[in-house]
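Please have a look at the model first.

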Amino acid sequence: MNDTAADLRFVPLEADDVPTVDAWLRLTTESAEDVPLSAAPHCAADLTGSVRFAPPDTTLAGEVAFLGGQAVGALRLVLPDGAPVAVVDQLLTAPKERRQGIGTALFRRARSLAAEHGRTLLVADVVQALPGGPARDEGPAAFAAALGATVSDGPEGVHQWLDLDRHDPSAGGVPEVPAGYRLQRWGTVTPDAFAIAVSELGQSLGASPPETWGEGPDAVRTSHVRRYERMRVGRGRRAYHVGAVHEATGELAGFTSASKTTGNPEHLLQGMTVVASAHRGHGLGLVLKLANLAHVREYEPRVRLIETANADDNRPMIALNEAMGFVPQERFVSWEAPVAPAV
Ligand code: ACO
């Protein structure tokens, strides 16, 4: 270990440790690289909220690396309940401090933290350039390889962006709703009547039978979507939804979700769109997305840049996005490393 890495002091990133959270926020914000159509600018409310509110069914573990009084690196792991993996959500060295072994020290801490939580595998999504696409920093993949990580069999995917100034897919209006369905809008909090259906559709991607998901006030209160909303609201995010209701049965046939951080008025994250398998083939996916874009723009007139990410095996959604004018900008590639490396 070189001198810099040996002098590091690791402090847990905990929501009530305000000075450490502030130092981490500054480091994360100041380290953001200005690569067009790669990531939205950091939003302080979103980042701060993310320390207190984990996604449902996960635990977060984070540490900030200090050199003297200065935060020079950060590490965040997401630990899904009941899984053998620790997902590296952030492993960051301050730009001015790179190539001195800090990243390696963070990686070592990642291994120790993952082992403390009983995990056997570290996984991380690494952003890479698309063949023929815009350039991306090759450092992260070189770093992962240098530390013995390998590209995994896990999902690879594509990050697509739509710039509404270049192409507005809603310029011609929202296509007609297919016969037998009606559209229903809602905002950040899903109405009770749809909470179970949205949880079931979101978790099963439209494939599993609804009877496995329970009903009644307790099921609504503890549903996946309610727990997800708790995180979203805690991060200061606003969400916009449109659902398709099957008129004959009253069932929710599908929905789409888009959300915004507080700090970036021009950026929108296009989240999940799902149509139950029994209701596919009617063009509902495109109708939902365009109707929701109109919904968002009514309340968020400054929205201009929309990002979305999909695994490669979700070709229909990638194609639908391309039809809307989304342009592929970069790949995300899944890397993995054993928590206890063979010696
Ligand atoms: N180009 C080529 N090789 C690199 C680079 C680079 N830009 N950066 C690191 N490496 C390799 C080298 O082999 C290096 O050893 P060397 O300096 O003796 O040649 C080795 O990785 C270790 O480098 P460190 O000094 O320990 O790492 P550093 O503190 O520079 O941090 C990091 C590397 C974390 C990737 C940094 O560039 C960064 O913060 N990038 C932005 C955040 C990011 O993309 N993180 C994802 C990391 S991948 C993952 O989590 C598995």
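The shell around the ligand divides into nine nonpolar, six polar and two charged residues; here Ala, Val, Leu, Ile, Met, Phe, Trp, Tyr, Cys and Pro count as nonpolar, Asp, Glu, Lys and Arg as charged, and the others, Gly among them, as polar. This is a predicted model, where local features need pLDDT of at least 70 and side-chain atom pairs count only at pLDDT 80 or more, while totals for chains, interfaces and linings use all residues. Residues are numbered from 1 along each chain as its sequence is written, and side-chain values use heavy atoms, with hydrogens and water left out.

In total, 17 residues surround the ligand (a heavy atom within 4 Å). The closest are Thr93, Arg99, Gly101, Gly103 and Thr104.

Polar contacts (pairs of N or O atoms within 3.5 Å) include these:

| Residue | Protein atom | Distance to a ligand oxygen |
|---|---|---|
| Arg99 | polar backbone atom | 2.8 Å |
| Gln100 | backbone N or O atom | 3.2 Å |
| Thr104 | polar side-chain atom | 2.5 Å |

Taken alone, the ligand exposes 970 Å², and the protein buries 73% of that (Shrake-Rupley method, 1.4 Å probe). Two or more shell residues come from each of β4 (85–93), α4 (102–116) and α5 (139–146), with α5 giving the largest share, five residues. Helices (H or I, at least four residues) and strands (E, at least two) are DSSP runs, numbered from the N terminus.

Strand β4 also holds Val88. Is Val88 buried or exposed? Val88 is buried, because its relative accessible area is 14%, and buried means under 20%. Its contacts (heavy atoms within 4.5 Å), not counting residues up to four places away in sequence, are Arg76, Leu77, Leu122, Val123 and Ala124. The C-alpha atoms of Val88 and Leu122 are 6.8 Å apart, across 34 residues of chain.

Terms used:
A polar contact is a pair of N or O atoms within 3.5 Å; within protein, one must be able to donate a hydrogen and the other to accept it, and residues adjacent in sequence count only if both atoms are side-chain atoms. Buried means under 20% relative accessible area, exposed over 50%, partly exposed in between (1.4 Å probe, protein chains only).
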